[in-house]
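Take a look at the model below. We will walk through the places where its parts meet.

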Amino acid sequence: MREIKASKITEAVARLCQSANFELGEDVLKALKKAEREEESPLGKEALRQLLENARIAREELLPLCQDCGTAVVFLEIGQDVHIVGGDLNKAIEKGVSKGYTEGYLRKSMVRQPFSARVNTKDNTPPIIHTEIVPGEHLKITVMCKGGGAENMSRLGMLTPGAGRQGIIDFIVKTVDEAGGKSCPPVIVGVGIGGTADKVMELAKHALLRPIGEPSPDAEVAELEQELLKRINDLGIGPGGLGGRVTALAVHAEVMPAHIASMPVAVNMQCHSARHKEVVL
Amino acid sequence: MADKPLRITSPLGDADIAKLKTGTSVLISGVIYVGRDTAHRRLAQALDKGGKLPFDIKGQTIYYMGPSPARPGQVIGSAGPTTSSRMDAFTPRLLQAGLKAMIGKGDRSPAVREAIKKYRAVYLVATGGAAALISKSIKKSEIIAYEELGAEAVLKLTVKDFPAIVTNDMYGGDLFEQAKAQYRR
């Protein structure tokens, strides 16, 4: 049994919220540079150049990469031999988000009662927390700062088995096509297949944490990802939706078993400002 | 490379608008107003009730944006465009009242595209997610209405060489449609 202090979790979450918003991951930068080299459309090339310049300014001046500093989505991997002491785990995370967003001059975008008053909670809480219990005595915290524009274009498709592999492809390509320039392409397309209506959406979001361009370890899924990437880039939406060859930097899919009657598919859209950082305590 | 950008000054006159064609890169200087979701609902409601707007909208430019907070000594935090389509329901009303230019990201509804033609206006996009870079072109920022909305308040900005691209012109041109036709396989 290993003890981890709640206050240590708060500090870690606060730091992750800030570094995610200021420092674009190396995998994203590499993918954007490759896209800039390969993009044929002059407007698309210029948009990619601006994004690389933007990442440099953000990192050097501690300015948020995007004014939409996102909903804080926190993934926890908790070793079953860990004991959290000195406070409530969920409250410790919430405190970390509040601290990180306030001290980092990050935009607070969460509003209470979405269907009526929509009053800002003023510290970007609450975060969305996904918890997984695993063997071991470590605690891995991943903070994803998820912008609203791309999240709005995400879709759930409760397809049935008859739709087959082609039905899945058509649903995903249609979703990206309808999103057009709204989800800030070049996007990363998170895909979930299988499970239930709730679980499949989580799979799609979790798939976004994989380093860009790293294929699925399952060869059949990796092949599907490649086919989807080609179909999506053939849409011609391009950077910013202004036309071009690079509409998506990657398609990442996670798959799990499903009910004999079901074939759920989820698409979680991620803008090019793919902000997530992790730490293992 | 893209063509050399055209320098324009906001508020834009009718002659400026007539020059702005779909696909043109521009650098905007002058004054632009900032408003997004809730501000748009309030502006449209005020117009419908025959009330006064917090600023004279005739001939003006609205930028769909909600900045991150400024650090001490900064003019503004990061300041990139938000998705324009969320403002579509209110846009024809504002164009009717005299609004001439809008800056955001992503495409517009058929009703907005029609209204842009009808009222001889223009829609431009800035690069979504280039928020730190765009903030460098903002030289002055003041809250002029709805301060209680925080990141959604109406701001008056003074900008210098703000980079944007004309996507919808008064002649009915639509860059999103053209782009698909050109690059779709």
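**Where the parts meet**

Domain 1 and domain 2 of chain A bury about 670 Å² between them, and carbon and sulfur atoms give 69% of that area. Buried area is the accessible area (1.4 Å probe) that two parts lose on being put together, summed over both. The size of an interface is often given in this way, as the accessible area lost when the parts come together.

This is a predicted model: local features need pLDDT of at least 70, side-chain atom pairs count only at pLDDT 80 or more, and totals for chains, interfaces and linings use all residues. Residues are numbered from 1 along each chain as its sequence is written, chains are lettered from A and ligands numbered from 1 in the order in which they are written, and side-chain values use heavy atoms, with hydrogens and water left out.

Now find the two domains. Domain 1 of chain A covers 2-20 + 65-146, and domain 2 covers 149-272. These bounds come from an automatic or database domain assignment. The domain centres, taken over C-alpha atoms, are 26 Å apart. Seven residues of domain 1 and 11 residues of domain 2 take part in the contact, where contact means heavy atoms within 4.5 Å.

Which residues of domain 1 lose the most area to domain 2? They are Phe75(A), Met144(A) and Lys146(A), together 70% of what that side buries. Lys146(A) also forms a salt bridge with Glu151(A), with the closest N and O atoms 2.8 Å apart. A salt bridge is a side-chain nitrogen of Lys or Arg within 4 Å of a carboxyl oxygen of Asp or Glu. The rule finds one salt bridge across this domain interface.

Next, turn to the two chains. Chain A and chain B bury about 3600 Å² between them, 56% of it on carbon and sulfur atoms. On the chain A side, Gln67(A), Tyr105(A) and Lys182(A) lose the most area to chain B, together 19% of what that side buries. The contact takes 43 residues from chain A and 45 residues from chain B.

How many salt bridges cross between the chains? The rule finds four. In one of them, the side chains of Lys182(A) and Asp107(B) meet at 2.8 Å, N to O. Helix H3 (residues 42-61) of chain A gives the largest share of the side that touches chain B, 11 residues. Helices (H or I, at least four residues) are DSSP runs, numbered from the N terminus.

Definitions and conventions
Helices (H or I, at least four residues) and strands (E, at least two) are DSSP runs, numbered from the N terminus.
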